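Subject: The model I promised you

Hi,

Here is the model we talked about, so please open it in your viewer before reading on.

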Number of protein chains: 2
Amino acid sequence: MQLLQDKIRTCGKVYPGNILKVDSFLNHQIDAELMLELGKEIARLYADERVTKVLTIEASGIAIAVMAAAQMRVPMLFAKKNHTKNLCDDVYRTTVTSFTHGVDYDVRVAKSFLHPNDRVLIVDDFLANGAALLGLADLVRQAGATLVGAAIAVEKGFQDGGAKVRAQGIRVESLAIVEEMNEDGIRFR
Amino acid sequence: MQLLQDKIRTCGKVYPGNILKVDSFLNHQIDAELMLELGKEIARLYADERVTKVLTIEASGIAIAVMAAAQMRVPMLFAKKNHTKNLCDDVYRTTVTSFTHGVDYDVRVAKSFLHPNDRVLIVDDFLANGAALLGLADLVRQAGATLVGAAIAVEKGFQDGGAKVRAQGIRVESLAIVEEMNEDGIRFR
């Protein structure tokens, strides 16, 4: 998606250790109008899939996911990372190892919001090693729901997450795939 | 706002201990189309305030905040609760005591995204004891920015947060104020 590639080129910052910092528009400060356009594109890509629910993970996936869900006129559900008093114990649960934070964490959704007749689209801001996406796919599987695919804002094409997830037969649509990056610039697939 | 009150009456659940569970449409599963309507109403309420930035706190404030920001055509910024590798140390920081979780936590925004010339609107899903809102207001103050006010989806009118925040001269617009609730029903102000 040209709009997103342009934004990454203009506002993204590349740091040693393959870190792409997009916190000026995607995961700390959020370009809300850009999120709306990403939501429209995601709705267009999955228009024929009769999606009944958009699933993401807190926190930075929420902005894109709610825009996509509003366009598709379906509810959005975000998996929680931290224990809260207000989430009852009747949950689907999986463990995700975070590349960014270097820790394992528990991810949970209430069973009451994922059903066998749901057709679920996973939406997230980043795909790197694929851990979060595979964790969300596991929650969908536990619920007996149908996973129609995933929509990602930025995929790091030089990490193995995209290949791993696609090898499981999961449709992945990434709106921008970074093939290579260094301090001189960013090349997209 | 009638639409939100109706939704709370239909889908909210009241539990002992003054817990109002709205996780079917506001803070776990999200009614994305309702969020869009809340965003429009917030933009209408603050239309004359020349807002330059919407500020919220992860995670459940993000969905409403991004909708309001898209309507107002300004960026949204969400304060972070957890330490991440990718947020540099150049931050404004404050401490918030959570009513829901019963713990203190650090809340941070990168200094690069809040400036003295910003006119900031705080958006959040809940106002109960006011701790999160006052924490966000403190971040705005540290940045030397102007706080034009706050927009809240659901205020618990029987807790003291709303009074505390308004006593500081902060404009608070709550789209639904729960005056009283018990297992028989919910009464709005």
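Below is what I found, going from the overall fold down to single residues.

First, the housekeeping. This is a predicted model, in which local features need pLDDT of at least 70 and side-chain atom pairs count only at pLDDT 80 or more, while totals for chains, interfaces and linings use all residues. Residues are numbered from 1 along each chain as its sequence is written, chains are lettered from A and ligands numbered from 1 in the order in which they are written, and side-chain values use heavy atoms, with hydrogens and water left out.

**Chain A overall**

Chain A has five helices and 11 strands (DSSP runs numbered from the N terminus: helices are H or I with at least four residues, strands are E with at least two). Its radius of gyration is 16 Å, close to the 16 Å that the globule rule gives for 189 residues, so chain A is as compact as a globular protein of that length (the radius is taken over C-alpha atoms, and the rule is 2.2 Å times the number of residues to the power 0.38). The C-alpha trace of chain A spans about 50 × 35 × 30 Å along its principal axes. Of the 189 residues in chain A, 58% are buried (buried is under 20% relative accessible area, exposed is over 50%, partly exposed is in between, with a 1.4 Å probe and protein chains only). Among chain A contacts with a separation of 6 or more, 61% come from residues 24 or more positions apart (contact means heavy atoms within 4.5 Å).

**The sheet**

Have a look at the open sheet of seven strands, with mixed pairing and the order β11(A)-β10(A)-β9(A)-β8(A)-β4(A)-β5(A)-β3(B) (two strands pair if DSSP finds at least two bridges between them). β11 (185-188) of chain A and β3 of chain B stand at the edges with a single partner strand each, so one side of each has no neighbour in the sheet.

Inside the sheet, β8(A) runs parallel to strand β9 (residues 146-156) of chain A, joined by eight bridges, and V123(A) stands opposite A151(A) in β9(A). β4(A) and β5(A) are also parallel, over four bridges, with T56(A) opposite F78(A) in β5(A). Together with helix α3 (residues 62-72) of chain A, β4(A) and β5(A) make a right-handed β-α-β unit (with the strands pointing away from the viewer, the path from the first strand over the helix to the second runs clockwise).

β5(A) is also where chain B comes in: two bridges join it to strand β3 (residues 29-30) of chain B, running antiparallel, and L77(A) stands opposite Q29(B). In strand β5 (residues 76-79) of chain A, M76(A) and F78(A) point one way, L77(A) and A79(A) the other way, and all are buried. In a regular strand the side chains alternate between the two faces of the sheet.

**The core**

The largest nonpolar core has 87 residues, and those with the most contacts inside it are L4(A), L20(A), M35(A), L4(B) and M35(B) (a core is a set of buried Ala, Val, Leu, Ile, Met, Phe, Trp, Tyr and Cys residues joined through side-chain atoms within 4.5 Å). Beyond its neighbours within four places in sequence, L4(A) is in contact with residues including F25(A), L34(A), A153(A) and L175(A).

**Salt bridges**

There are 28 salt bridges over all chains (a side-chain nitrogen of Lys or Arg within 4 Å of a carboxyl oxygen of Asp or Glu). E49(A) and R119(A) form one of them, at 2.9 Å from N to O. E49(A) is in the loop between α2 (32-45) and β4 (53-57) of chain A and R119(A) is in strand β8 (residues 119-127), so the pair ties together parts 70 residues apart in sequence. E49(A) is partly exposed at 22% relative accessibility, whereas R119(A) is buried at 18%.

In chain B, E41(B) and R44(B) form a salt bridge with their closest N and O atoms 2.8 Å apart. These two are three residues apart in helix α2 (residues 32-45) of chain B, about one helical turn, and R44(B) is exposed at 53%. Back in chain A, shared partners join E49(A), R119(A), R171(A) and E173(A) into one network.

**One loop residue**

Finally, V74(B) sits in the loop between α3 (62-72) and β5 (76-79) of chain B and is buried, with a relative accessible area of 9%. Its contacts beyond four places in sequence include A32(A) and E33(A), as well as V51(B) and A69(B).

Cheers
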